[in-house]
Amino acid sequence: MDSRPRSGARAATRREDIDAAFRLEYLTIGWMILEIAVAIWSGLAAHNLSLLAFGIDSVIELVSASVLIWRLSVELRHGNEFSQQTETTASRIAGGLLLLLALYVALAAGWSLWTHHAAGHSVAGLAVAVAAIPLMYVLSRKKLRIAERLGSRALRADAVEAVACAYLALAVVIGLLAELATGAWWIDSVTSLVIVWLLVREGREAFEGEPCCADDDA
């Protein structure tokens with residue numbers, strides 16, 4: 001039995017998945033540029049730690065998406081086996097950046113609690129955080145499915161970045177609304193600390209990396 005038609009079909013399906021991954025990464029980059037501009041600007045203006053951490057996480061996601069575009073481009077030019085050399089690099093970049101973000105959030109939140117620093121409210125920051133929650137959820141699910149089909153640890157790590165972004169956006173929304181309602185000065189710092197465990201866990205797993213993805217929970 002000739003296996004070439006079956007191999008050709010698998011190659012065509014893989015190419016469709018790569019094209020879909022490209023589209024998701026370009027969408028990620030476009031949204032992250034907007035998210036960075038709004039979150040960091042409003043976080044600095046309002047002296048709001050959660051918003052600033054949210055914006056910095058967006059920078060990390062922008063870097064991660066750029067790395068994924070590089071990884072996918074390598075496969076298109078040189079084939080799947082050669083592209084595997086980029087998997088560890090991409091995953092470690094994403095994991096290392098998540099760990100750095102966790103360190104920043106922990107130190108900044110601790111300093112704010114120590115100095116009793118109160119954060120301000122931002123309508124623009126709240127709006128972009130609310131919009132990010134469903135968008136990041138959809139992006140993460142789509143990326144996880146394609147990562148499983150491609151066997152790409154790098155794409156899975158990038159999907160985890162989107163999950164972390166959704167959690168950070170939720171923390172921002174809770175913190176801003178609770179602070180607006182109660183005026184409690186510590187809300188911003190506490191909501192920031194809540195997501196540190198997620199950043200550390202996912203950052204460590206992405207940095208260490210394991211073969212993807214059959215035994216992973218999506």
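**View 1. Helices α5 and α6 pack against each other.** In this predicted model, the two helices meet at an angle of about 160 degrees, and their axes lie 7 Å apart. Axes are lines fitted to C-alpha atoms, for helices over the stretch in contact, and angles run from 0 to 180 degrees between N-to-C directions. Helices are DSSP runs (H or I, at least four residues), numbered from the N terminus. α5 and α6 are therefore roughly antiparallel (over 145 degrees). α5 passes α6 in a left-handed crossing, where the near helix is turned anticlockwise from the far one by less than a right angle. By class, the contact of α5 with α6 has 22 nonpolar, two polar and three charged residues. Here Ala, Val, Leu, Ile, Met, Phe, Trp, Tyr, Cys and Pro count as nonpolar, Asp, Glu, Lys and Arg as charged, and the others, Gly among them, as polar.

**View 2. Helix α2 runs against helix α6 (residues 153–182).** Their axes come within 10 Å and cross at roughly 165 degrees. α2 and α6 are therefore roughly antiparallel. The crossing is again left-handed. From α2, the contact (heavy atoms within 4.5 Å) includes Leu51, Phe54, Ile60 and Leu68. From α6, the contact includes Leu155, Cys165, Leu168 and Val172. The residues of this contact divide into 15 nonpolar, two polar and four charged.

**View 3. Helix α2 (residues 49–78) also packs with helix α5 (residues 123–150).** The angle is about 30 degrees, with the axes 13 Å apart. α2 and α5 are therefore roughly parallel (under 35 degrees). Their crossing is left-handed. Leu51, Phe54, Glu61 and Leu72 in α2 meet α5 residues, among them Val128, Ala132 and Met136. The contact residues divide into eight nonpolar, one polar and one charged.

**View 4. One aromatic pair is counted.** Rings of Phe, Tyr and Trp (its six-membered ring) pair if their centres lie within 6.5 Å, and planes under 30 degrees apart count as stacked, over 60 as edge-to-face and the rest as tilted. The rings of Phe22 and Tyr26 have centres 6.2 Å apart and planes at 15 degrees, so they are stacked. Both residues lie in helix α1 (residues 4–46), four residues apart, about one turn of the helix.

View 5. The mean pLDDT (the predictor's confidence in each residue, from 0 to 100) is 80. At least 70 is reached by 85% of the residues. Where pLDDT is low, the predicted coordinates should not be read in detail.

**Notes.** Residues are numbered from 1 along each chain as its sequence is written, and side-chain values use heavy atoms, without hydrogens or water. Local features need pLDDT of at least 70, side-chain atom pairs count only at pLDDT 80 or more, and totals for chains, interfaces and linings use all residues.

Key
Parallel < 35°, antiparallel > 145°, perpendicular 65-115°, else oblique.
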